[in-house]
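Work through the exercises below with the sequence and the model open. Each task is followed by a solution in steps.

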Amino acid sequence: MPNKILVTSRHNKELVDITSSVHAEIDRAGWQNGVLYLFVPHTTAAVTINENADPTVQTDICYALSQAFPDHPAFRHLEGNSDAHVMTSLTGSSEILFIEKGRPVLGTWQGIYLAEYDGPRTRQVLLKFISE
């Protein structure tokens, strides 16, 4: 069974920085060298890697996606969250990270995010580690 992180969003659309939670799970599990798969088992949330030095980048990403894919009266999905489903499909439900010496291999400015498109909610991020 994969390990998991629970993430609670506060807004309808937001990128929640989960980098420290991923680090904590790596430490807790004692993972050292290998590949870590992150998977979000939700149809209106995703996982992505992007800049974590300037928080306005996360706001800009949500703004751009909302502008490109606004809620629209022509959408037929009964729950009224078709825009969230489209955004999730584009962002993706998984990421793959290399783990070296117990740390994710990330660029200087990169962080790991749960992308919430239909919140606020509590979501799961599943982690599966394959060692070298």
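**Exercise 1.** Is Arg121 buried, exposed or partly exposed?

Solution. The model is a predicted one, and the values used here are computed from it.
Step 1. Take the cut-offs: buried means under 20% relative accessible area, and exposed means over 50%.
Step 2. Arg121 has a relative accessible area of 37%, so Arg121 is partly exposed.
Step 3. Find its charged partner. The side chain of Arg121 forms a salt bridge with that of Asp118, at 2.7 Å from N to O.
Step 4. Apply the cut-offs to the partner. Asp118 has 13% relative accessibility and therefore counts as buried.

**Exercise 2.** How many salt bridges does the structure hold, and which parts of the chain does the pair Lys13 and Asp83 link?

Solution. 
Step 1. There are 5 salt bridges in the structure.
Step 2. In one of them, the side chains of Lys13 and Asp83 meet at 3.2 Å, N to O.
Step 3. Locate the two ends. Lys13 lies in the loop between β1 (3-8) and β2, while Asp83 belongs to helix α3 (residues 82-91). The two residues are 70 residues apart, and the pair links distant parts of the chain.
Step 4. Check burial: Lys13 and Asp83 are both buried.
Step 5. Compare another pair. Glu116 and Arg123 form a salt bridge of 2.8 Å, N to O, and both of these residues are buried.

**Exercise 3.** In what order do the strands of the 3-stranded open sheet stand, and which strands are at its edges?

Solution. 
Step 1. The order is β2-β7-β4, with antiparallel pairing.
Step 2. β2 (14-17) and β4 (45-51) each have a single partner strand, so one side of each lacks a neighbour in the sheet; these two are the edges.
Step 3. On average, neighbouring strands in this sheet are turned by 35° against each other, direction ignored.
Step 4. Look at one pairing in detail. β2 and β7 (residues 110-116) are joined by 4 bridges in the antiparallel sense. Within this pairing, Leu15 is opposite Ala115 of β7.

**Exercise 4.** Which strands pair with β8 (residues 122-131)?

Solution. 
Step 1. β1 runs antiparallel to β8 and is joined to it by 6 bridges. Ile5 stands opposite Val125 of β8.
Step 2. β3 also pairs with β8 in the antiparallel sense, over 6 bridges. Here Gly34 is opposite Ser131.

**Exercise 5.** Where is His42, and which residues does His42 touch beyond four places away in sequence?

Solution. 
Step 1. His42 sits in the loop between β3 (34-39) and β4.
Step 2. Leaving out residues up to four places away, His42 touches Thr88, Arg123 and Gln124.
Step 3. For Gln124 there is a polar approach: its backbone nitrogen is 3.0 Å from a polar side-chain atom of His42.

**Exercise 6.** Why do the buried residues of α1 line one face of the helix?

Solution. 
Step 1. List the buried residues of α1 (residues 19-29): Thr19, Val22, Glu25 and Ile26.
Step 2. Viewed down the axis of α1, these buried residues fall within an arc of 125°, so they line one face.
Step 3. The general rule is that an α-helix has 3.6 residues a turn, so residues three or four places apart point the same way.
Step 4. Turn to the other side of α1, where Ser20 and Arg28 are exposed.
Step 5. Finish at the residue that follows α1: Gly30 has a positive phi, near 75°.

Terms used: Residues numbered from 1 in each chain as written. Predicted model: local features only at pLDDT ≥ 70, side-chain atom pairs only at ≥ 80, totals over all residues. Heavy atoms only, no water. Pairing = 2+ DSSP bridges. Axes fitted to C-alpha atoms, helices over the stretch in contact; angles between N-to-C directions. Buried < 20%, exposed > 50% of the residue type's maximum accessible area, 1.4 Å probe, protein only. Arc of directions from axis to C-beta. Salt bridge = Lys/Arg side-chain N within 4 Å of Asp/Glu carboxyl O. Polar contact = N/O pair within 3.5 Å; in protein donor to acceptor, adjacent residues only side chain to side chain. Contact = heavy atoms within 4.5 Å.
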